[in-house]
Amino acid sequence: MIKEQMNKIYSSIDLDNIPWNIETPPNILKDLISSAKLSPCKIIELGCGAGNYVRYFSKMGFDVTGVDISEKAIEIARELAQKAGVTCEFIAADALGDMSEIKSKYDFIYDLELLHHIFPEDRNKYIENVHKLLTSQGRYMSVCFSEASTQFGGVGKYRKTPIGTVLYFSSEEEIELLFGRLFHVVELKLVDIRGKHAVHKAIYALMKRKNG
Ligand SMILES: C[S@@+](CC[C@H](N)C(=O)[O-])C[C@H]1O[C@@H](n2cnc3c(N)ncnc32)[C@H](O)[C@@H]1O
């Protein structure tokens, strides 16, 4: 259902009007590089949409792959990368599936506002997939809507957006508990993310893979 919904959004709404589609990378991504927390390596973005940040990391010297459940998003991402003359890979795949489409392991995985599309009952499967795709020393960064955000009605764990998607708003405790099973949580904090229409509160988590 999310796949059909996202294909419809990417097919019928101009990129300029898709609320999350912002070409300039958010500070939290730029800071990873400027603070030297992350330097060129093999990375993957899960839920990459039009691939804006995949292109950004590629230009910064990373070997980058973008994955999205929407084939239409992947088609757009490939076109934009080609137009920009950027080398990167895009794969259409469900991050809740068996991920057999993805053959490599990655040093760094990130998702930027994908997790709030994944509801609690599916989250363990998702983080198992992330864990499986990481090298043994791999790290993972996740950013999702916080329940402290006043967006979309301001209250409630599940909130409907004007374009019809339903998002799950997490608490920091939930995120720590979820990730703690398979990752050492290195950093967990509330951050402000600039949206198209307003700034919103999100939970940022940086983690290291647990082994064994
Ligand atoms: C809010 S958008 C963020 C896109 C991109 N990260 C950005 O910041 O521009 C979430 C993206 O996750 C994708 N998505 C949702 N559920 C997914 C799943 N189960 N597997 C892979 N991608 C998914 C959607 O198609 C959408 O492109």
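## Ground rules and Ser146

A polar contact here is a pair of N or O atoms within 3.5 Å; within protein, one has to be able to donate a hydrogen and the other to accept it, and residues adjacent in sequence count only if both atoms are side-chain atoms. The model is predicted, so local features need pLDDT of at least 70 and side-chain atom pairs count only at pLDDT 80 or more, while totals for chains, interfaces and linings use all residues. Residues are numbered from 1 along each chain as its sequence is written, and side-chain values use heavy atoms, with hydrogens and water left out.

With that in hand, look at Ser146: a polar atom of its side chain lies 2.8 Å from the backbone nitrogen of Ala148. Ser146 sits in the loop between strand S5 (134-145) and strand S6 (158-160); helices (H or I, at least four residues) and strands (E, at least two) are DSSP runs, numbered from the N terminus. Ser146 counts as buried because its relative accessibility is 4%, where buried means under 20% relative accessible area, exposed over 50%, and partly exposed in between (1.4 Å probe, protein chains only). Leaving out residues up to four places away in sequence, Ser146 touches Phe169, Ser170, Leu190, Lys201, Ala202 and Ile203, with contact meaning heavy atoms within 4.5 Å.

In soluble globular proteins, nonpolar side chains tend to be buried together. For this model, a nonpolar core is a set of buried Ala, Val, Leu, Ile, Met, Phe, Trp, Tyr and Cys residues joined through side-chain atoms within 4.5 Å. The largest one has 28 residues, and Leu46, Ile109, Tyr126, Tyr140, Phe179 and Phe183 touch the most other members. Strand S1 (42-46), strand S4 (106-112), helix H5 (120-133), S5, helix H6 (172-180) and strand S9 (199-209) each give two or more residues to this core. H5 gives the most, with four residues. A second, separate core of 27 residues includes Leu32, Met141, Val191 and Ala202.

## Tyr140 up close

Tyr140 is part of strand S5 and counts as buried because its relative accessibility is 0%. Beyond four places in sequence, its contacts include Phe108, Tyr126, Phe179, Phe183 and Met207. Asp111 is another residue that Tyr140 touches, and the two side chains make a polar contact at 2.6 Å. As for Glu79, Tyr140 is 61 residues from it in sequence and 27 Å from it in space, C-alpha to C-alpha.

## Cysteines

A disulfide is a pair of cysteine sulfur atoms within 2.5 Å, and by this rule the count is zero. The sulfur of Cys48 has its closest cysteine sulfur in Cys88, 8.9 Å away, so the pair is too far apart for a bond. Cys48 counts as buried because its relative accessibility is 7%, whereas Cys88, at 22%, counts as partly exposed.

## Around the ligand

The ligand has 18 residues around it, and Tyr10, Glu45, Gly47, Asp68 and Asp94 come nearest; to be near, a residue needs a heavy atom within 4 Å. Helix H1 (residues 2-12) supplies the largest share of this shell, three residues.

Nitrogen atoms of the ligand pick up several partners. A backbone N or O atom of Gly47 lies 2.8 Å from one, a backbone N or O atom of Ile69 lies 3.1 Å from one, and a polar side-chain atom of Asp94 lies 2.9 Å from one. On its own the ligand has 600 Å² of accessible area, and the protein covers 97% of that. Accessible areas come from the Shrake-Rupley method with a 1.4 Å probe; for residues, only the protein chains shown count as cover.
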